[in-house]
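Here is a short briefing on one protein chain. Look over the sequence and the 3D view, then work through the topics below.

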Amino acid sequence: VQLQASGGGLVQAGGSLRLSCAASGRTISDMGWFRQAPGKGREFVSTIRWSGRDTYYADSVKGRFTTSRDNAKNTMYLQMNSLKPEDTAVYYCATGSRFFPATSPRDYDSWGQGTQVTVSS
């Protein structure tokens with residue numbers, strides 16, 4: 001399966017963005033969002049079960065970000081509210097994990113190309 005992330009952009013602190021991750025085919029795997037800031041490793045953001053019934057978040061985004069998916073559209077979303085400058089990063093979506101919650105990049109075997117999110121102070 002191929003993934004395409006979109007929706008990134010430049011936003012002021014306190015603002016909102018909604019990222020999308022479209023899959024080329026039907027994915028029945030759990031999916032996840034990660035992010036990578038310049039000079040840093042890839043950091044877990046959130047994951048969602050294939051059914052959409054359960055989600056799990058990094059402490060740094062809990063209460064501000066919401067992950068959802070629409071399996072009829074083969075698309076996962078990340079609604080980001082109350083954005084902070086430290087949320088600035090390239091955001092990646094991934095799928096293929098075999099347990100939940102999977103929080104390491106090594107747990108996923110298919111990745112999208114990333115979308116840049118920049119939050120100005």
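M80 is in contact (heavy atoms within 4.5 Å) with G15, S16, L17, L19, R64, F65, Y91 and V117, leaving aside its neighbours within four places in sequence. This is a predicted model: local features need pLDDT of at least 70, side-chain atom pairs count only at pLDDT 80 or more, and totals for chains, interfaces and linings use all residues. Residues are numbered from 1 along each chain as its sequence is written, and side-chain values use heavy atoms, with hydrogens and water left out.

**Nonpolar core**

- The largest nonpolar core has 29 residues. Such a core is a set of buried Ala, Val, Leu, Ile, Met, Phe, Trp, Tyr and Cys residues joined through side-chain atoms within 4.5 Å.
- W33, F65, L78, M80 and Y91 have the most contacts inside this core.
- At least two core residues come from each of β1 (3–6), β3 (17–23), β4 (30–36), β5 (43–48), β8 (75–80), β9 (89–97) and β11 (115–120). Strands here are DSSP runs (E, at least two residues), numbered from the N terminus.

**Sheet**

- Strands of a sheet pair through backbone hydrogen bonds, either parallel or antiparallel.
- Here, an open sheet of 4 strands runs in the order β1-β3-β8-β7, with antiparallel pairing. Two strands pair if DSSP finds at least two bridges between them.
- β1 and β7 are the edge strands, and each pairs on one side only.
- On average, neighbouring strands of this sheet are turned by 15 degrees against each other, direction ignored. The axes are lines fitted to C-alpha atoms, and angles run from 0 to 180 degrees between N-to-C directions.
- β3 and β8 form an antiparallel pair over 6 bridges. A22 has T75 in β8 as its bridge partner.

**Salt bridges**

- Side chains of opposite charge can pair when their charged atoms come close.
- The structure holds 6 salt bridges. Each needs a side-chain nitrogen of Lys or Arg within 4 Å of a carboxyl oxygen of Asp or Glu.
- D87 and R64 meet in a salt bridge, at 2.8 Å from N to O. D87 lies in the loop between β8 and β9, and R64 in the loop between β6 (55–57) and β7 (65–70), so the pair ties together parts that are 23 residues apart in sequence.
- D87 is buried, with a relative accessible area of 1%, and R64 is buried at 11%. Buried means under 20% relative accessible area, exposed over 50%, and partly exposed in between (1.4 Å probe, protein chains only).
- K62 and D59 form another salt bridge, with their closest N and O atoms 3.1 Å apart. K62 is partly exposed at 48%, while D59 is exposed at 66%.
- D109 and R98 also form a salt bridge, their closest N and O atoms being 3.1 Å apart. Both lie in the loop between β9 and β10 (110–111), 11 residues apart.
- D109 is partly exposed at 46% relative accessibility, and R98 is exposed at 69%.

**Around S110**

- Where is S110 found? S110 is in strand β10.
- S110 counts as buried, at 15% relative accessibility.
- The side chains of S110 and D109 are joined by a polar contact of 3.5 Å. A polar contact is a pair of N or O atoms within 3.5 Å; within protein, one must be able to donate a hydrogen and the other to accept it, and residues adjacent in sequence count only if both atoms are side-chain atoms.
- S110 also touches V1, L3, C93, A94 and T95, not counting residues up to four places away in sequence.
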